Every structure is written in C-alpha cells, then in structure tokens.
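My notes follow in the order in which I looked things up.

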Amino acid sequence: MLVLMPLFMMLMVGFIFPSGSSISNTPIALANMDEGTFGDILVTQLEAINSKTGMMDLSTATDFDDIKTKIQDGKISGGIIISPDFSSSLMSGKQGAIMLVTDQSNPQISMMIEGVLTKTIEEMGTQMAVHKLSTTYNIPPDHTLAVIKPYNVQVKGIVPGKPNYFQFVAPGIMAMVVMMSLMTGLPHAISYEKDMGTLDGMLVAPINRFSIILGKVIAQTTRGLVQGLIILALAILIFGVVIYGNILLVIFLLLLCVFSFVGLGILITSFTENEETATMVMMTLMFPMMFLSGVFFPMQEMPWYMQDIAHCLPLTYATTALRDVMVLGAGVSAISTEIMILIGFGTVMLLIAIPMFKKAMSK
Amino acid sequence: MIEMNNIAIKAANLTKKFGDLAAVDHISFDVKKGEIFGFLGPNGAGKTTTIRMLCTLSRPTEGSATVAGYDIVKEDSKVREHIGLVSEKMIMYDLLTAKENLKLFGKLYNIPNDLLDKRIHEVLSLVEMEKWANHQIGTFSTGMKQRINVVRGLLNRPEILFLDEPTLGLDPQSTSEIREIIRRINIENKTTIILTTHMMVEADMLCNRVGIIDHGKIVASDTPMNLKRMISKIGTTVVELDILNLTNNMVALIQSLKCVKSVVMKDSTRIKVQAKGDDAFNDIIDTVRQNNGKISSIINLEPTLEDVFLHITGHEVREQISNNVTMAGHGPQPRVKTRIR
C-alpha cells in the first residue's frame, strides 16, 4: 500500500487528464457535402496533415444527422462538415463554410478537438490565401504571409520546456498524498489500536501521553514522505517532469506540509469515537481540499468565491509553494508567505489538538 | 496509620457518568494488600468502568481513589508505575512474537534490557510457554494468547494487578489454568489482585473478598463464605425440583406462595426455588401435588454466590451465561447434596 497508493494516484491522474499533446487517433467523421472540387482538395489536405500528426482517425459520414447518430453511439468524438455550397462560395469570392461538430458530453475532449481542428483548418485557409495572393497580385510568396498575418506570436516560458500537465499536477499530488497519509493514517492508527485494546497497554504504562502521539506522527510522517518521494520519482522517471528548483527545498516543503496537517489529524483523532466516524470526518474535509486547492485544476479558473474558500485551505499554500519551487525554480524568499502560513496553521492546530488529545485519552 | 499501610486501594464515592447514565455510582471500598478482590456482577454493571478509573485510563466524574497510595487523578503517572493491567481485550500485537510483545511492553516501563530479558524468561516459564517464545501471537490459540496476555501485566512487578474478565471466552481447561496462574501470582509474588468476573464460581474459587456490583453500585461486599452464610442465616433454602409435567400455571402458583422468594426456570422440567421458613418445603410440594405435578426429584442445594446475588438484587446474573459457564467450567465439583425424600 505504501508504494501502490502514490503509484496508482500518479498513473491515474497522469493518464486520465488530457494534456494538449496527448490527443491522438481521435475518431473524427468527415462529411464532404460539397458539390464542387474545392471540398475534395480540402479533404486531401486534411488527410495529408493528419497522416503527419496522426491526431485523428478519419472516417466518412454523409451529413449532420449521420454524424449526430455516430456521436450518440459513441463511435466518434467529433465531426467535420464541408457545406454543399463550399466550392460555389469560394468561386464567387465568398468564404467557404466548414462546420465542426463536437460531442458536448465530453467538454474537455470537444474543446481540444475544436481548438485543434480550428487551427488546422485556419492554417489550410492561410496556405490557400498565400497561394491566391501570390498568383492574383504577384506578391512574392515569402511576403504574402506578412500581409495575411501581420503578427507572429511566440510563447516563451521563464524556464525551458513546454507547459506540461504533469509538471503542473505533480507538486499538487505530492502535497495531497502527504496530507492524505497523515489525515487518514493518524486517526486510523490510533483508533485501530483503541479498538484492538493495545492502546490501553500504552496508556497504562508510565509514559508521557504525548510520546504516544509523537510516535504515531513520526511513523505516519515517514510514510507520507516516502509516498511523496515515490510520486516525485515517478513524475521524473515516467512522466518526464523536470525539477527546476532545489530538491532539498522540495523535501523541506513536504516536511512543512506534514507539520501543518499533523495538528488537524490529531484533532480529528481526539474527538471521534471510532474509526468509522474519523474516516467520515476526514473525507468531508479532504474532498474540498483536493479539488479546491488547485491540485488538479488551476485555481484561477475557479469562480471568485471558490477562490476565496481555496485561500483558507492550507493545502493551497503547500501546493503553490511546491509548484513554484519545482516548476518555476523559486527560492525560499519567493515562497516565504506560503511557508509562514503553513507554519502558522500547523502551530495553531497543534496548540488546539494536543490538550484535546490528552483529554480524550482519559475519557 | 498502621492500617493505611495495609491498604492497596481505597475508593471513596467513586463515580463515572456517561451523559446522564451513572455507570459507576458513588462506590466506596477498600482492598487490602495481598488479597484477591473480585468485582462480581452482570455485564454492564460497571465493573470494567471501575477498573478503568483505578488504572487511570478513565477520569472519575466524582469522588476519588488512591491506588498503591497515590491519587488516581493527581498522581496518575505514579499509579501507573505500580500497577499492571490485563484487560478484556488482549493487549498484544498479533504480528509480533510472544517475546517481542513482552519486550515491547516491558520497554514502556523503562526496564533495563538484561533485567527485562530475565523477567521475560521468568514469566514465560511461569505459564510454561518458553518454547513458544519466538512464535507469532497471531498463530496462538485463545488460551495460549491469554496466558501471555496475563503475564504481560507482570513485567513491571506491579504491586497491584488488575484483571478484567481474565477467563472470558476460554475453554474449560484454559480457564482453570488461568485461574491457577492468578492464584500463583498472588501467593508467590504477593501481588494484590483485583479481578472482575460475571462468573460466580470464579469469584467463589479465587477471591478472598467479593464486591457484588449491580447497576453501578456495590450492593454487598464480604468474603464469599460470609456472603453465603448471610443467606442461610436468614433461613433461606434453595431447592431444585424436577417436575415431569411442569406448567407455567404451576410455576406461577409456586411463585405466589408466601414463603417463596424467587423461582428460576432451569429448563422445561426443572425449577430452582429460593424459599424461607420451616414449612417452605411442605408448602411447595403441596402446591405441586395439588396440581397433579409429578415430582421426579428434589435437590436441596447449598447456597452459592449466585443465590446471594439473586437474593440481594432480585434478579439473575444473566441466566444463560452463568448456567453454561457453570456447566462447562472446571470449577469445584458442584456442591450438591442429594437428599431425595
């Protein structure tokens, strides 16, 4: 379980969430309803581009209704329709109409397809325009592009490499796994021993009660840390994630993450009677944290009120700090606010939790 | 002051409330050094809660107690140094071997390694489990586990050993073995022993003194002999009748007799009757005969602790449990004096 959980987590998240480059062999139906020749040319071009990228798995369809049925049947993920008057419009100097049909039941894929297809077709349009301009107005081909597309946009990140979903998600998952192993592991360990009766054996011995919880914390911390590091190793080895920051700082942040959640874990252990209740409380707390703290989705995409909630969750700061260090190569000074907040949260929680725990143990 | 030195446990108005329910209700008692004191009562009477308070595992809501001379609330860590606990749930890890378990819990008492090894050897030989020392606890039978569990409480050489239902769920042979071990611990180590049980026979056999506890209160506390004498003193007789054609009507009629204190159905033909007065026997037999009852045997029983409990509380300890265990237990031969009339 120690190794399996993070492995499973990372693989699952890694493969389920689509990244820009991961679309390949998406089944797309093409309905060429054009009566003229331009439609065929477009299809040939599309096939030529596709044979290079391997992005789509093209099939043919007759019309919109045919595509609709096929999408409903789950046979294809989208469709392209070349309108009947495509050639005639182009001939008469109007724009040729192309319709993209998307599968609304799968917004993520359909958004991606829409983007990719739009881009492909736009590019084909540009090529066509370049060709037309140079033949009609005798402008040399290498100048025509500047006429049609005067701006050339280039993207450059502050660290080398393209933005990658794994790069984005790995720090968050590390923080999350550490949080989960503490928040589930701690109450589990204590209530299990309570149920077994072995906890009484420790409580009846002349040892400090604090040392019992400390022992549990150390065990769970080790577990959480090992899991976090397994994720890190997987991210680097399998998913090609590159750490730009200091690896020691990453480990320090994971430990800090542990510190900030220990109190919460002890607190829940103290006021829940049995394992079942503890697990339930844990789930209730963990789910919002998982989804709101920007582990899987960037926080900026959320509505403002959700962002406000996210700002109250310690996991948000752990994730942000880890991401800044791992992806952007930030140093201690850049993440000092996050560090302060995590230390603060952990301290307050511990101050509440330890007296509660001592009290709960002598109920 | 001399008397104080002789006292192992002194409880005064010890009370534990869970919400409105008083699990232990203002109990006061003393336990002398070196004796085996038994809390006898049905499940839920408050025995375990009392033990847990004395072991500092649970804080009393009211009242106070000293264990080995230390206050259970103010000097709880001092108390812990002087006690051992064998609770109802076994305090052992199944994955560890017997020796590892003993070592782990011995370490909690800060016993130096060489001394601890010596003690582990001692306690293992006490229960004749040396050859199983390096086997996982999980592979043991319940009886073997309990032997280790009991001696685990002895590692720190406690002055006072608490045993919560030490023979619960054990087969007859293990039960008598555990009882023998308890007796030896008491005699050889001079350890004061507090045990809880719902088995009358066990309390009778083992304990120097018994506190009968019911609904959180100690309703009687004395030596088993005195408790039993208490019944005979007030002229109570206990008879067991075997009536072949026993009917509910007959039982009700017997119950309604003036001299009869209680009637308990043993099975479909046997009843146990507690009655008072010289004419008790005649009255009961007359009633049965008048209803054409066919008496196949009458046994005059000597009072047992069970009868004491019944007499004091007015209800059975818990019929089915006490019966089965009495039958199965390796206790002393049933004190039955057969006197067929």
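Which strands of chain A does helix H5 lie across? I looked up residues 107-137, the span of H5(A), and found that the helix lies across E1, E3 and E4 of chain A. I noted its direction as well: H5(A) runs at about 160° to E4(A). I keep in mind throughout that this is a predicted model.

**The sheet.** Next I traced the strands themselves. Four of them form an open sheet in chain A, in the order E2-E1-E3-E4. The pairing is mixed. I marked the edges as strand E2 (56-60) and strand E4 (98-102) of chain A, each of which pairs on one side only. From one strand to the next, the twist averages 25°.

I then checked one pair in detail. Strand E3 (residues 78-82) of chain A meets E4(A) in the antiparallel sense, over five bridges. I picked out Ile80(A) and found its bridge partner in E4(A) to be Leu100(A).

**Another helix on the sheet.** I turned to helix H2 of chain A, residues 38-53. H2(A) packs on the sheet and touches strand E1 (26-32), E2 and E3 of chain A. Its direction makes about 165° with that of E1(A).

**The cores.** Where do the nonpolar residues gather? I found that the largest nonpolar core has 137 residues. Among those with the most contacts inside it are Met174(A), Leu253(A) and Phe162(B). Helix H7 (residues 165-196) of chain A gives the most to this core, with 17 residues. I followed Met179(A), another of the residues with the most contacts in the core. Leaving out residues up to four places away in sequence, I listed Cys257(A), Phe261(A), Met289(A) and Leu315(A) as what Met179(A) touches. Apart from this core lies another, of 21 residues, including Met56(A), Ile67(A), Ile71(A) and Phe86(A).

**Chain B.** Last, I went through chain B as a whole. I recorded 13 helices and 15 strands there. Of its 341 residues, 41% are buried. Among contacts in chain B with a separation of 6 or more, 72% join residues 24 or more positions apart.

Note on methods
Residues numbered from 1 in each chain as written. Chains lettered and ligands numbered in written order. Predicted model: local features only at pLDDT ≥ 70, side-chain atom pairs only at ≥ 80, totals over all residues. Pairing = 2+ DSSP bridges. Helix = DSSP H or I, 4+ residues; strand = E, 2+ residues; numbered from the N terminus. Axes fitted to C-alpha atoms, helices over the stretch in contact; angles between N-to-C directions. Contact = placed C-beta atoms within 7 Å. Core = buried A, V, L, I, M, F, W, Y, C linked by C-beta atoms within 7 Å. Buried ≥ 20, exposed ≤ 12 C-beta atoms within 10 Å, placed from the backbone.
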